[in-house]
Structures are given as C-alpha cells and as structure tokens.
Amino acid sequence: MPWITPDAHAQAVEAAREIVLRRLDRSAAPRAALADLLGRKEVDPRVAAEVLDRLEAAGVIDDAAYAARLARTRFAEKGAARRAIAEELRRKGLGDRDIAAALDQIDSNDEDTAALALARKKLSATRHLPWEVRRRRTAAMLGRKGYSREAALRALEAAFAEEPD
C-alpha cells in the first residue's frame, strides 16, 4: 500500500527523533546540546528544528527544568557559586530567562553559608601549613568555585575566627 509507506521526510524525522531520544535516555540535555548533536549527525536543520519543537511541545525537552536541576545539583554537591553556575548554563546554550529562574533558587545567604563551609573545610585540611599559604589556597579555591573576592574574604575571615588557636 503506497499511501502507508513513509516518505523521505518522515523517515528523516523518525531517524532524528531516535537520535535525540537515545541521547536523552542517558541523561537530560538542553535543546542547544541536542541541536548540536543533530548537527554533528548531519541532520537537515529543518528536520532537526521540527523534531526538537515536537519534543519540546510534548515536554520531553524542558530547558527550564534542566537549568533548575543543574543549578541545585552544582550548588548542593560542589558548592558552586551562582556566577559559576550561570556561566556553565550559558556554555550549555540555555537562555537568560531559564538561567535567571534557576538561580532564583539560591539566595545570597545560602551562597554565604556554602562559602563558609568550603572555607572551613579547606582551612582544616591545610592546618599544617603557614597562615599565608592557607589563606591563599582557600581564597583561590573559592574563586575557582565562582565566589567573588569579597565573599571569599568574608568566608575566610569567619572561618579563621572560628578556628581554635
């Protein structure tokens, strides 16, 4: 029956859909990453856009939920600051609105508390070193995590004040 046989466009859409669903089986991904994947697989850009639009409409692709989950995970597990999380989300191709919504979950008090906990941990691990080395290493670690210089110094001073002599 010739009317049941899929045409070339339908086959291309199905192949692209399978590529995306196989990728999403491993882990969630933002739309931009999936678009890059389809581009690397040399899928026609119109077919890729159609597949991604359909999956987004069905709720399979949800950049806002992805951004929120990644922000919570990076903050809770790694102690990353909002600035570092925002940069990672931008690198992954997420929009400013999704990034802002994801970062709204983390307030400045949470960030200060996390910075203090990281500073305490680093200072206790470097207790055998001279104070200047400990200070420099702790400040550098907080900087790599995305904390501002001011936040790092506040956390460092508070953690040092708590240390027994």
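Trainee: Quick one to start: is Glu88 buried or exposed?
Mentor: Glu88 counts as buried, with 12% relative accessibility (buried is under 20% relative accessible area, exposed is over 50%, and partly exposed lies in between, using a 1.4 Å probe on protein chains only). Before we go on: this is a predicted model, where local features need pLDDT of at least 70 and side-chain atom pairs count only at pLDDT 80 or more, while totals for chains, interfaces and linings use all residues. Residues are numbered from 1 along each chain as its sequence is written, and side-chain values use heavy atoms, leaving out hydrogens and water.

Trainee: Okay, and which side chain does Glu88 meet in a salt bridge?
Mentor: That is Arg74, at 2.9 Å from N to O (a salt bridge puts a side-chain nitrogen of Lys or Arg within 4 Å of a carboxyl oxygen of Asp or Glu). Glu88 sits in helix H5 (residues 82-91) and Arg74 in helix H4 (residues 63-78), so the pair links distant parts of the chain, 14 residues apart (helices are DSSP runs of H or I, at least four residues, numbered from the N terminus). Arg74 is partly exposed, at 21% relative accessible area.

Trainee: How many salt bridges are there in the whole structure?
Mentor: A search finds 13. Another one of them joins the side chains of Arg82 and Glu111, at 3.0 Å.

Trainee: What about Glu162, which side chain does it meet?
Mentor: Glu162 meets Arg120 in a salt bridge of 2.5 Å. That pair connects helix H9 (residues 149-162) with H7, across 42 residues. Both partners count as partly exposed: Glu162 has 46% relative accessibility and Arg120 has 37%.

Trainee: Which residues do shared partners join into one network?
Mentor: Glu14, Arg17 and Glu18 are joined that way by their salt bridges.

Trainee: Switching topic. Which residues touch the most other members of the largest nonpolar core?
Mentor: Phe75, Ile85, Leu89, Leu94, Ile99, Leu142 and Tyr147, out of 29 residues in that core (a nonpolar core is a set of buried Ala, Val, Leu, Ile, Met, Phe, Trp, Tyr and Cys residues joined through side-chain atoms within 4.5 Å). Two or more residues each come from H4, H5, helix H6 (96-103), H7, helix H8 (131-144) and H9. The largest share, 6 residues, is given by H7.

Trainee: Zoom in on Ile85: what is it in contact with?
Mentor: Beyond its neighbours within four places in sequence, Ile85 is in contact with Ala71, Arg74, Phe75, Ala80, Leu103 and Ile106 (contact means heavy atoms within 4.5 Å). There is also a second, separate core of 16 residues, and Val13, Val20, Ala29 and Leu38 are among them.

Trainee: And at what angle do H8 and H9 pack?
Mentor: About 135°, and their axes are 9 Å apart (axes are lines fitted to C-alpha atoms, for helices over the stretch in contact, with angles from 0 to 180 degrees between N-to-C directions). H8 and H9 are therefore oblique to each other (under 35 degrees is roughly parallel, over 145 roughly antiparallel, 65 to 115 roughly perpendicular, and the rest oblique). On the H8 side the contact uses Trp131, Arg135, Thr138 and Leu142, and on the H9 side Ala152, Ala155, Leu156 and Phe160.

Trainee: Last one: where is Pro130?
Mentor: Pro130 lies in the loop between H7 and H8, and at 51% relative accessibility it counts as exposed. Its C-alpha atom is separated by 70 Å from that of Ala8, 122 residues apart along the chain.
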